[in-house]
Amino acid sequence: MAALKYSRQREAIKKFLMERKDHPTADMIYLGLLDKFPNLSLGTVYRNLTLLSDTGEINRLRLGDGTDHFDGNTAPHYHFICEKCGRVMDIAVDGLDSFIVSADSCFYGKIKGHVAYFYGECPNCLETS
Ligand code: ZN
Ligand code: MN
């Protein structure tokens, strides 16, 4: 499959995501890599982001703002999105795992996964409002 061939661009996209914690969108990744890859197209970035998230090398986050965000950290963790500035942050939540286990024990079907994110005002916006 041609799409799975080693690609310098794909490696660069993955590295870009591993090195930051701000959960960028495809546009931000594209703009961030243009210096290094002047011929890069937004379509290539989208294609590679899809490939990398399909293979589990990165996480695609859908946080209700209509735009996908991407995360190089694939360990299970939760996210907060600021309704004011759009910032996406990691958030540590105690007890969420047991909440999910309890959903499983209360339900006779088969739960395969869940989606959870938190929203509100980030510390920065709270301070300046
Ligand atoms: Zn904010
Ligand atoms: Mn994260």
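1. His77 is partly exposed, at 22% relative accessibility (buried is under 20% relative accessible area, exposed over 50%, partly exposed in between; 1.4 Å probe, protein chains only). His23, in contrast, is buried, at 3% relative accessible area.

2. This is a predicted model: local features need pLDDT of at least 70, side-chain atom pairs count only at pLDDT 80 or more, and totals for chains, interfaces and linings use all residues. Residues are numbered from 1 along each chain as written, chains are lettered from A and ligands numbered from 1 in written order, and side-chain values use heavy atoms, without hydrogens and water.

3. Helices (H or I, at least four residues) and strands (E, at least two) are DSSP runs, numbered from the N terminus.

4. Check the backbone at His23. Its phi is positive, about 55°, although the residue is not a glycine.

5. Which way does helix 1 run relative to helix 2? The axes come within 11 Å and cross at roughly 110° (lines fitted to C-alpha atoms over the stretch in contact, angles from 0 to 180 degrees between N-to-C directions). That makes the two helices roughly perpendicular (65 to 115 degrees; under 35 is roughly parallel, over 145 roughly antiparallel, the rest oblique).

6. At this crossing, Ala12, Ile13, Phe16 and Leu17 of helix 1 meet Met28, Ile29, Gly32 and Leu33 of helix 2 (contact: heavy atoms within 4.5 Å). Seven of the contact residues are nonpolar, one is polar and none is charged (Gly counts as polar).

7. Helix 1 has a buried side. Arg10, Ala12, Ile13, Phe16 and Leu17 are buried. They span an arc of only 160° around the axis, so they sit on the same side of helix 1 (directions from the axis to C-beta atoms). Their cover includes helix 2, helix 3 (42-54) and strand 2. The face turned away carries the exposed Arg8 and Met18.
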